[in-house]
Amino acid sequence: MKVTVCFGRTRVVVPCGNGNIKVHSLIEQAAMRYKKAIAKDPGYWLQVHRLEHGDGGILDLDDTLCDVADDKDR
């Protein structure tokens, strides 16, 4: 499973194995990839306020990813 996470106009693809990770872990991995994409140090401070599904719903940090998203979702 992989999902695309959008930070404004910048999009990062995050591989998520079989999807048995928490949404919180997805956010951490996406933030790390975003920092690399914009050429910032790992210590660069980034705060994610919310993660929305492509259809507009806000995802809960404690949900398991495979329960709230499908493969190749945005």
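## The annotated span

The end C-alpha atoms of residues 1-74 lie 12 Å apart. The span is 26% helix and 16% strand. Helices (H or I, at least four residues) and strands (E, at least two) are DSSP runs, numbered from the N terminus. An unreviewed UniProt entry lists residues 1-74 as "domain: Par3/HAL N-terminal". UniProt positions follow the numbering used here, feature names are shortened, and annotations may be inferred rather than shown by experiment.

This is a predicted model: local features need pLDDT of at least 70, side-chain atom pairs count only at pLDDT 80 or more, and totals for chains, interfaces and linings use all residues. Residues are numbered from 1 along each chain as its sequence is written, and side-chain values use heavy atoms, with hydrogens and water left out.

## The aromatic pair

One aromatic pair is counted. Rings of Phe, Tyr and Trp (its six-membered ring) pair if their centres lie within 6.5 Å; planes under 30 degrees apart count as stacked, over 60 as edge-to-face and the rest as tilted. The rings of F7 and Y34 have centres 4.3 Å apart and planes at 20 degrees, so this pair is stacked. F7 sits in strand β1 and Y34 in helix α1, so the pair ties together parts 27 residues apart in sequence.

Are these two residues buried or exposed? F7 counts as buried, at 17% relative accessibility. Y34 counts as buried too, at 15%. Buried means under 20% relative accessible area, exposed over 50%, and partly exposed in between (1.4 Å probe, protein chains only).

## The cysteines

How many disulfides does a search of the whole structure find? The search finds zero. A disulfide is a pair of cysteine sulfur atoms within 2.5 Å. For the sulfur of C16, the closest cysteine sulfur is in C66, 10 Å away, which is too far for a bond. C16 is buried, at 5% relative accessibility. C66 is partly exposed, with a relative accessible area of 33%.
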